[in-house]
Amino acid sequence: MNEPPRLPEGGFAAWSRDRLAMARRGADECGDVWQLEPGVYVAATAGPCEEVLHRAQDFPKAPSPLFPPLKRSSGATPEERAHAHAARMRGLRAQAVAARIGEIAPRTARFADQWPTGQDVEILPLVRHALAEIGVHYLFSEDAPTLLPFASQLFLAREVLARPSRWVWPRWMPTPARRFRTRQQVAFVDALRPIVRRRCSSGRLGDDLLGQMLRPSSRYGPLPEEAILDTLPGITVATFETPSRAAGWILLHLARHPQAAGRIAAEAALLPADPTATTSTHLDSLQYTQALVREVLRLHPPSWLLTRRAARQTQLADYTIDAGSTVLVCPYTAHRDAREYSEPDQFRPERWLDDSRSPAKPGVFLSFGTGPHGCEGTALAMAMLTLLTAQTARRHDLSEPPGPEPGYQVATFGGLATVGLRLRATVRS
């Protein structure tokens, strides 16, 4: 059993800063790809990062260990996993998200309306609760209130499991964190199972993501119940966990760049007064807002490090990568590649717009991954973050309280999150 590096003075946030600084220094000093230690390589600049993510046969994505199939389930077959993926994508593709903008917008407006004004507020818990309501409702519609408390406990289990430890335990060992994770996963599945059976027996499957998964495939037929229940805990947490971290950085940038926030407020003023009347056309009109969201995600990708394992011996840049080696893809440094972005360390939302103020793509963008294993929920996440940003700037001026600059930490399997972020909102005149 190997002991990971001891945390330096200053705790986990300081250790995280060291990891990010090391990745940036490695990219600057060692080139596009560099060897961290025997059997571990870092793809640090845009070209190799994108290459690794697209070469899924050579560098497959390992199954997430976060919510593995429960013991009472034998796990889905490859055919069932393919069916489940296709069913999820029916509910998560851009057209499906666009059709439900009128359900997402009111909850982002409610978040802005309920933000306590005139006081310094720790913002991440408020953001997480709002985005959890949106995400769980998107997945389960009228059954969301029943499942939301269990989803919150799943998130807590994820955070407990991801806390830094001085020890690396074998995956088979039932540590307290893993036992807690399993209890919360069982509780969520036990709450979801009667909902699945009720919908199937009534024939009212619903138009939400769960309804899409319950619909039989012409190729595979209906998904087994356990295959549905196994896949949904991870998807449920993913709908709000990563977007919450991204939203923290976005709101911090609204506070630090009031001129940009003013431009967003002007754009958002054209949204319908009744948020339920918001459509995908309104969302598409928020061009500068989307540009700011993308720029923040470029500078602070919520998942700053992605792990792949070589399936066979292959070549990457100047290295021969042996089968079984680990390749770390670093969007954090790829997004600061000067060959992709001019002045890469500068916050410039305008780089995402061309001269006609239409969307532009200045360089490689890996905040949602890319290739065969790109994030399934990209369209949903962008809709949630864009509307949350617009509704907040429309109503409030944000500012930072006096004191030390907010820190950041690497949390939740390589996620980059603000720590203890507090902001103050005043009503925009």
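Over the ring of which residue does the charged end of R100 sit? That ring belongs to Y138, and the charged end of R100 sits 4.2 Å from its centre, where a charge counts as over a ring if NZ of Lys or CZ of Arg is within 6 Å of the ring centre and within 35 degrees of the ring normal. This is a predicted model, in which local features need pLDDT of at least 70 and side-chain atom pairs count only at pLDDT 80 or more, whereas totals for chains, interfaces and linings use all residues. Residues are numbered from 1 along each chain as its sequence is written, and side-chain values use heavy atoms, with hydrogens and water left out.

**Overall make-up**
- The protein has 16 helices and 11 strands, taken as DSSP runs numbered from the N terminus (helices H or I, at least four residues; strands E, at least two).
- Of the 429 residues in the protein, 51% are buried, meaning under 20% relative accessible area with a 1.4 Å probe and protein chains only.
- Among contacts with a separation of 6 or more, 75% are between residues 24 or more positions apart, a contact being heavy atoms within 4.5 Å.

**Aromatic and charged side chains**
- The count of aromatic pairs comes to 7, with rings of Phe, Tyr and Trp (its six-membered ring) pairing if their centres lie within 6.5 Å, and planes under 30 degrees apart counted as stacked, over 60 as edge-to-face and the rest as tilted.
- One of these pairs joins F111 and W115 in a tilted arrangement, 5.6 Å centre to centre with 50° between the planes; F111 is buried at 6% relative accessibility, and W115 is buried at 3%.
- F155 and F240 also form a tilted pair, 5.9 Å centre to centre with 45° between the planes, and this pair links distant parts of the chain, 85 residues apart, with F155 in helix α7 (residues 144-162) and F240 in the loop between α10 (225-238) and α11 (241-256).
- F155 is buried, with a relative accessible area of 11%, and F240 is buried at 2% relative accessibility.
- Ring pairs link Y341, W352, F365 and F368 into a cluster.
- R336 lies over the face of Y332, at 4.2 Å from the ring centre.

**Packing of α11 and α14**
- Helix α11 packs with helix α14 (residues 287-299) at an angle of about 115°, their axes 9 Å apart, where axes are lines fitted to C-alpha atoms, for helices over the stretch in contact, and angles run from 0 to 180 degrees between N-to-C directions.
- In α11, A246, W249, I250, H253 and L254 meet L292, V293, V296, L297 and L299 in α14.

Notes. Buried means under 20% relative accessible area, exposed over 50%, partly exposed in between (1.4 Å probe, protein chains only).
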